[in-house]
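Trainee: Please walk me through this one, and let me jump between topics as they come to mind.

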There are 2 protein chains.
Amino acid sequence: MSTRKQPQGNATPSAADYLIASRQCELMNLQYFLQMGKVVQSISNLVHGLQRERGATNVFLGSAGEKFAAERRATVQESDRLCGLFEQALTEVHEELTAHPVSSRLLNGLASALHGLAQLPPLRASVESQALLVEDATEAYSRLVHEMITVVFEAAETAVDPSIAGLLVAMVHLMNGKELCGQERAVGSAGFSRGCFSNAQSKRMMHLIEAQERCFEVFVSFVDDHSRALWQSLRANPREAEIERLRQLGCSVGRYKSLDPELADRWFALMSDRMDELKTVEDSVEGCFHSRCVERFAEARNSLAHQETLIASLGAEDSGPQPVLVLCDSGEEARTGKAWDSDGVGERFGRSLFDLLQEQTRRLQQMDDELRSARDALEERRTQEKAVLLLMDHRGIDNDEAHRLLRKLAMDQGKKLTEVARALVSMADVLK
Amino acid sequence: MSTRKQPQGNATPSAADYLIASRQCELMNLQYFLQMGKVVQSISNLVHGLQRERGATNVFLGSAGEKFAAERRATVQESDRLCGLFEQALTEVHEELTAHPVSSRLLNGLASALHGLAQLPPLRASVESQALLVEDATEAYSRLVHEMITVVFEAAETAVDPSIAGLLVAMVHLMNGKELCGQERAVGSAGFSRGCFSNAQSKRMMHLIEAQERCFEVFVSFVDDHSRALWQSLRANPREAEIERLRQLGCSVGRYKSLDPELADRWFALMSDRMDELKTVEDSVEGCFHSRCVERFAEARNSLAHQETLIASLGAEDSGPQPVLVLCDSGEEARTGKAWDSDGVGERFGRSLFDLLQEQTRRLQQMDDELRSARDALEERRTQEKAVLLLMDHRGIDNDEAHRLLRKLAMDQGKKLTEVARALVSMADVLK
């Protein structure tokens, strides 16, 4: 690996060695994300393929095999192709991932995702022979999609660079929102084709709509400008108003007059169109993520080379108490965290090893501060998921009910959802 | 490195490969702490040596060179010896640390510590020639000690195993408390030898006492039973009551009758004795940390080997949807997170790859939950330090005043110190 520092035999390592090693550590993290980016991209594509396959499967099973037989087979083929690309991307980073393991969770997430993918052939055989309920097929695909998204989530947690972490947080929330949109498509399709929504279906739909909005809110607060603009134009699409009208039909609990079954096809088409457009936003985030990684990696590599030159020029002279003057970045650049950008031009002020150390300490501190909001967003998501599982387990209720209960608790106590979730999780031992 | 998995050429990695890699990742983290333990131990020893050197230096400078000239030279020699051992420990882990860099912060912390140590010879020369104020010498030593403790702090942040993280949190807080005790010794020595305490000295002493107590509270809540018992017997030592009486003399602001200068020697001896006993508690924590690392590493290695055997016995048969039955740990062990302990005895129930994956997911989840309190304690400490720096910077006040202001804010708002600190840090941009 080109960025790895050669160990120096048995010589006692110096302050300068560790300063360089500290920067190399950042560089290695960036290099790893350059590679992980390809995996994330292939997951985004594969998830989209699986969502299409799930949609076609639902129509196929819901129509007792009369509709979408050929379409479904085409989606299966496409998923297989995308699955192959995912495995290929994984093979390319395998050595990096397992020789410098970054996170047990990420690796375990990949294991679960691969295991889930290995269950696809028997699932499809059951679908083909119509030996499966629509709900069970939806459930199986949804679980698999969830496992794939979890990989991106775990990858986001390993990011050290704030701008890269932020984009991955945006990505995870967009993928989650899109998946909830896919599940809403399934519930709506079931209701519209039956001609009416059960109470449970209406409630589920409201839950999915609300959960989607929360995902998109987080997405918007972390994403780059270009992708945000794409998102806004998606929102402005006339399709969205039509979806809203259909949603109101489905969610009006207590209505008993039956709906036009023709609406089912329209709903499916609208929601599929929405998901395709969400995918283009996802691609834009992915593109931005990739160029950010390339950019940050190049900056970090240049800056590292620059530091090495500086430190070499300090030589052994720095062991004394007096700062040794050398050419270096201007103080302003260091203060604003732009030191990575320095290319040796415009250097005006002298600098000692002590100053370089101070600068790195400040930089790491600043990165940590900036990273906090991204980490918090991930933490909130994880805490809420834990709280929901806890409630499901403890009260014997389903996922939606647990979400509703959590929201009710927050409302009743006048607290944030996250606070309530956190309190619940911290009480886990007592509740058992 | 014995625990590293060999990459498998270009074969597509399987779910089982990543499950194994996930466990290997945990194992590597444990192995790294086996090695880091030696560095932590050498830091604990070196810090104690530097604190003695600082104490002797203060008496030497405070008595205009009349007292402790020989004692001081002896402490210098001892510090040099301990410094050599620290560098040796570092040399042993250097390859590991820089080839698999764990944290930029830790590496940067080591750089700062080594740089600080390189400044010792000129500092000592100034002391020798009495060209330095007592306060400035204390300040220089304290900064260096702080840098050394920061390394342990950063190491604690990289721990993945909850029991190991908890002991490191205990260690860091004990080291910090002991260092505050050392600073209190210095302030008290200055006050008692002058015969009276200035208002600022009294305030500083109160601050140091309060801050020590907070450190020890956290220490007690994370430490092992044996070390806690040692700590309790330290508290029960009659010396503590005598220190308390002298503290009250020093802290009674507004008193103007002068103190018996003889008290200075007594105070110094008492506090030095206290620090030596704190060091024995530190050694106990260190010993417990080491045996915990050895134990957890052995468990993890056995469990990994066991999993590998299990997975090999699953072979290619597991690709179907039906669980393939194999001999494995009992379900109860998996649920209680004891799966690492399994040695193949008492296995009764069949298990598929899916079950192994679920088990690993649960284990990682549980570790994450257990890790939270340790991470929170570190986070609180970091946030408070940030808030204090922010206040110092923004209001132009010194460290103690900033601590006081922070406590006052918390009291006025009826909030926890951490909440106020967090609010301040999140407002940093606005305050600038």
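Trainee: Is A:A64 buried or exposed?
Mentor: At 53% relative accessibility, A:A64 counts as exposed, where exposed means over 50% relative accessible area, buried means under 20% and partly exposed is in between, with a 1.4 Å probe and protein chains only. Keep in mind that this is a predicted model, in which local features need pLDDT of at least 70 and side-chain atom pairs count only at pLDDT 80 or more, whereas totals for chains, interfaces and linings use all residues. Residues are numbered from 1 along each chain as its sequence is written, chains are lettered from A and ligands numbered from 1 in the order in which they are written, and side-chain values use heavy atoms, leaving out hydrogens and water.

Trainee: Where does A:A64 lie?
Mentor: A:A64 is in the loop between helix 1 (15-62) and helix 2 (69-99) of chain A; helices here are DSSP runs of H or I with at least four residues, strands are runs of E with at least two, and both are numbered from the N terminus. A:A64 has a positive phi of about 50° although it is not a glycine. Most residues other than glycine have a negative phi.

Trainee: And what about A:Q130, which phi does it have?
Mentor: A:Q130 also has a positive phi of about 50° without being a glycine, and it lies in the loop between helix 4 (120-128) and helix 5 (134-157) of chain A. With 37% relative accessibility, A:Q130 counts as partly exposed.

Trainee: Changing topic, how many helices and strands are there in chain A?
Mentor: Chain A has 15 helices and zero strands, and 55% of its 432 residues count as buried. Taking contacts in chain A between residues at least 6 apart in sequence, 78% join residues at least 24 apart, a contact being heavy atoms within 4.5 Å.

Trainee: Which residues have the most contacts inside the largest nonpolar core?
Mentor: Those are A:F86, A:M148, B:F86 and B:M148, in a core of 203 residues; a nonpolar core is a set of buried Ala, Val, Leu, Ile, Met, Phe, Trp, Tyr and Cys residues joined through side-chain atoms within 4.5 Å. Leaving aside residues up to four places away in sequence, A:F86 touches A:V39, A:S42, A:I43, A:L46, A:L110, A:L114, A:L117 and A:M148. Another core, of 14 residues, lies apart from the largest one and includes A:L391, A:A402, A:L405 and A:L417.

Trainee: Over to chain B: at what angle do the axes of helix 7 and helix 13 of chain B cross?
Mentor: The axes of helix 7 (residues 199-222) of chain B and helix 13 (residues 399-413) of chain B come within 10 Å and cross at roughly 60°; axes are lines fitted to C-alpha atoms, for helices over the stretch in contact, and angles run from 0 to 180 degrees between N-to-C directions. That makes helix 7 of chain B oblique to helix 13 of chain B, because angles under 35 degrees count as roughly parallel, over 145 as roughly antiparallel, 65 to 115 as roughly perpendicular and the rest as oblique. Among the residues that meet are B:H207 and B:R214 in helix 7 of chain B and B:H403 and B:R407 in helix 13 of chain B.

Trainee: And how do helix 7 and helix 12 of chain B cross?
Mentor: The axes of helix 7 of chain B and helix 12 (residues 353-395) of chain B come within 11 Å and cross at roughly 170°, so the two are roughly antiparallel to each other. On the helix 7 side of chain B, the contact is made by B:R214, B:C215, B:V218 and B:F222.

Trainee: What does B:L417 touch?
Mentor: Not counting residues up to four places away in sequence, B:L417 touches B:R214, B:Q384, B:L406, B:R407 and B:A410. B:L417 is found in helix 14 (residues 417-426) of chain B and is buried, with a relative accessible area of 17%.
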